[in-house]
Each structure stands twice: as C-alpha cells, then as structure tokens.
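Visitor: Hi! Could you walk me through this structure in plain words?
Guide: Happy to. Let's look at it together.

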Amino acid sequence: MTEKTNRREFLSKSTAAAVGAGVVSQIVLPRGAYAANGDETIRIGLVGCGGRGTGAASQALSTKGDVQLVAVADAFGDQMNNTLNRLSKQHKDRVNVDEDHKFVGFDAYKQLIDLDEIDLVILATPPGFRPVHFEYAIEKGKHVFFEKPVAVDAKGVRKVLKAVEESKKKNLKVGVGLQRHHQPSYLETVKALQDGAIGDILALRVYWNSGGVWEPRRSRDQVKTEMEYQMRNWYYYNWLCGDHITEQHIHNLDVGCWVKGAYPIRAYGMGGREVRDAARYGNIFDHFAVEYEFADGTRMYSQCRHIRNCWNSVSEHAQGTKGTSNIGRSYTTQDGNTWTYKKKQRREDPYQIEHDDLFAAIRNDTSYNEGEYGAHSTMTSILGRMAVYSGKPVDWDKALNEGADAYPWAEENLTWDTTPPNVPNKNGEYDIPVPGVTDVFEA
C-alpha cells in the first residue's frame, strides 16, 4: 500500500465486509439458488485435517440449513482418519464421506477440489500451501474458507491477491479465519473508534505474548524423510508456518490496521531465539518486537513472544487524541467516561459466527469476500518478520514486490523425498536468520 492510501475507502471496504456479513445472516434464504448441485445442500470438502481444520469443519457443519461434509484430504492418512472419526461422532447426520472421497498425499487437495459436487472448500493445511490451494480452488469455481495467515511470503501474498480478483469476477464467496471481524465486541469497539470516540488515533500497541504452542510431535526416528519430519512438526519451519509473528500475531496486527484504516508503509524490529534454541525447534524465533510506521506518521508497536513464565498478553490497544481503548473491550475518554462492551448474547463464539456469516452469504448470494484484507494483514506480519530477520528498516512496497521466497516451489509437485528449503547439518541444526547479516530480499 502506498502513502496515497485512501483511509475512507479502506474503512468502507473492511467494515462493509464484516457488518454486511452480520446483516445477511438474518435474511430469509432463497431456495435452491446457491449450490453447484442445484439443491439446498451445501457440500463441503476439507483440505487439511489438523486441529484448526477439524474445528473449522465442525463450525461449518453447525451452520443453519442443509450442510454435508462429503470429502476430506490431508498429506497424512492417519491424521485424515482421526479427524473424520471425530467429526462423524460430533455430526453423524452431516458427515457423508465415502472411501472414494478420502484423499491422501501432496496432491490430495487437487483430487478433492476436482469433485463436481463440492460447493465450498475449507483450506486448513500449514500456511505455506494455502496460496497454491486457494488459487486452484478459485480456478475450479469453489467457494472458499481459508485459515489465516493466507501465505508465508510475499510471492504467496501476490498469488492470493491475484486469485481474489478472479474470485470476485466469478462471484465466489471467500472467508478468512480472522474471526475478530465477526466478534461483536470488536465490531462495536472498532466502529466507535472509527467514529471518533477517542479522537484521531495516534498510536497502537498490539501483543501476542504467551508460553507458546505444542512441542515437536515426531522425532527423526519416527519418520522416513526430512520432508515428513518437517511436515509433522510444521510450526517450527518458516516455509510452512511463517514464524509465529505470522501464524498467530497476525490477529493483533490485523486489528491494529483495521482500527487505523491503513496498512504500514515501513517496519523496524528486533528479535531472536532466547530459550527455544534447541535443534528440534527448527528455524523460527521465539520473540519479536516490531515498530510499524504508517503514512501519516502514526506508529503501531508490536510484540509477540513464546517464552514460559513471563508476562503474557493477547490484546490490542489504541491511544487517541481524546482517550484510550482496550480494543474489543472498552474505551475511556479524557474526561473520565468509560464505555465497556456488554455481552448481549449467550452465544458469541466468533469462530462459529464467521461460518454462519459465510454460509448465509452463499445461500443469499450476497457479496462476501475477505480475501483482500486477509492478504494485506498477512503481508503486515511478513513485513515485520523481514524487518526482524534483517535487522534493517523494510518498506512495504519493496517487501511485497521483492521479498525472498519462503515457499520456493513454483508449482506443487512435491513428494516425501523433496528436499525442504532449509535442511539440517550433521548435528540436526538448521540455518537461523541473523539480524544484520540475513538478506530478506535474496532469492
């Protein structure tokens, strides 16, 4: 995004997508006008059967109207069967997957997407694969829900943005797993801030500081190849995960940009591996601190950390000319008045609401596409990672157009014998980015 970014246009687009989604969920459904099959059933295919894929499929199967899970795909057969068993118990009347609709391997996504009966594809593989999978789903005319981040490098973001344009031409609905855009407490707070509740936004602080995620799941003795080792432990490899600033902290960066109504033009940062430094932790960092600069000089101060027994916070805050806000919770004006969000419904699960909204848009044929802000928020996280890895200021335009590839393959012809982009030395240690030395623009 250039310095000429039109804030009003940005706000209009990003808010309309979220608010519009909430409105369409209340509209009476036209019958038989949405599914590829010409009936009322929306048939789902799940690509990626990890924890988030299982959760997303369960939420999709909990939406109103006739919904069926008819196909599943994953790189690993054991993972696919575990997810299918779990979903069959939870939604036994809505899971109808025959043996010939179960696909395993790197090209399993293609076999699933090629099925004519599929209306919507859930893409929940490790993030490195999502641009290729999304592009293929749009090419084949499928509605898509894909998890965040939508890519791990600039090339992937560009691929997604191009496919988003195609999805709009084909009137395909696209949802992205940035569920705060559907969470009532965030919708109300962000609208109030954009309406000037605390004046002009001067600065933002965003955090994802926690103890971390799961430990590596498999040792080398338990797998056959380096590719399988990294795939089983995908969170710890940049080409698969994008590092934790991209995989998790994207939520908070997305909220900051949403409130600001713009994306940063530049980033500066520092970070490294302080405690998660053993070889089994691949090549990602365990802490990042990034200062994002917007075109009008506003700063967004960002922290994310995976270190136990430290101060933790997963939150976003705004400082305005007339007050402050704990975004998604409250705001306080300089005269001492405080507004706090009051929960209005017993059920305010944003993970469920985002699927309710997407499926309602499909049934009503209402415009619904979150791909663009999903891609730009992903790029914001990648920009921060590039600034930290390099130890240098990095500009948005240069990062988006020239950033080095983390996922190096032009196509998807991968096998279990394919050599990953970062392989270990004789001690099992990987090349780790070194600030001041690493070139984040080197191909």
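Visitor: What comes just after α6?
Guide: Just after α6, Asn171 takes a positive phi of about 60°. Before we go on, please keep in mind that this is a predicted model, where local features need pLDDT of at least 70, side-chain atom pairs count only at pLDDT 80 or more, and totals for chains, interfaces and linings use all residues. Residues are numbered from 1 along each chain as its sequence is written, and side-chain values use heavy atoms, with hydrogens and water left out.

Visitor: Okay, and how many residues does α6 have?
Guide: Helix α6 has 16 residues, 154–169. From its first C-alpha to its last it reaches 23 Å, close to the 22 Å expected at 1.5 Å a residue. That expected span is 1.5 Å times one less than the number of residues. As for the names, helices (H or I, at least four residues) and strands (E, at least two) are DSSP runs, numbered from the N terminus.

Visitor: Which residues of α6 are buried?
Guide: Ala154, Gly156, Val157, Val160, Leu161, Ala163, Val164 and Ser167. Buried means under 20% relative accessible area, exposed over 50%, and partly exposed in between, with a 1.4 Å probe and protein chains only.

Visitor: Where is Pro149?
Guide: Pro149 sits in the loop between β5 and α6. A cis peptide bond joins Lys148 to Pro149, with omega about -20°. For background, most residues other than glycine have a negative phi, and most peptide bonds are trans.

Visitor: Back to positive phi, then. What is phi of Asp243 near?
Guide: Asp243 has phi near 70°, a positive value in a residue other than glycine. You'll find Asp243 in the loop between α9 (238–241) and α10 (244–247).

Visitor: And Asn309, where is that?
Guide: Asn309 is in the loop between β10 (299–306) and β11 (313–320), and its phi is near 65°.

Visitor: Are Asp243 and Asn309 buried or exposed?
Guide: Asp243 is buried, with a relative accessible area of 0%. Asn309 counts as exposed, at 83% relative accessibility.

Visitor: New topic: what is Ser381 in contact with?
Guide: Leaving aside neighbours within four places in sequence, Ser381 is in contact with Ile245, Thr246, Ile250, Leu253 and Tyr292. Contact means heavy atoms within 4.5 Å. Ser381 lies in helix α13 and is buried, with a relative accessible area of 0%.

Visitor: How about Pro421, where is it found?
Guide: Pro421 is in the segment after α14 and counts as partly exposed, at 42% relative accessibility. Beyond neighbours within four places in sequence, Pro421 is in contact with Trp239, Ala406, Pro408 and Trp409. The C-alpha atoms of Pro421 and Pro408 are separated by 7.0 Å, and the two are 13 residues apart along the chain.

Visitor: What volume does the largest pocket have?
Guide: About 940 Å³. Of the 48 residues that line the largest pocket, the closest to its centre are Gly50, Gly51, Arg52, Ala124 and Trp234. On a 1 Å grid over the protein atoms alone, a pocket is an open set of points where a 1.4 Å probe fits, with protein on both sides within 12 Å along at least five of seven lines; lining residues have an atom within 4 Å of a point. Grid points are joined across faces, edges and corners, and a volume is the space filled by probe spheres set on the points.

Visitor: Which helix gives the most to that lining?
Guide: α3, with 5 residues.

Visitor: Last one: how many disulfides are there?
Guide: The count comes to 0 disulfides, where a disulfide is a pair of cysteine sulfur atoms within 2.5 Å. The sulfur of Cys304 is 10 Å from the closest cysteine sulfur, in Cys241, so the two are too far for a bond. Cys241 is buried at 0% relative accessibility, and Cys304 is buried at 1%.
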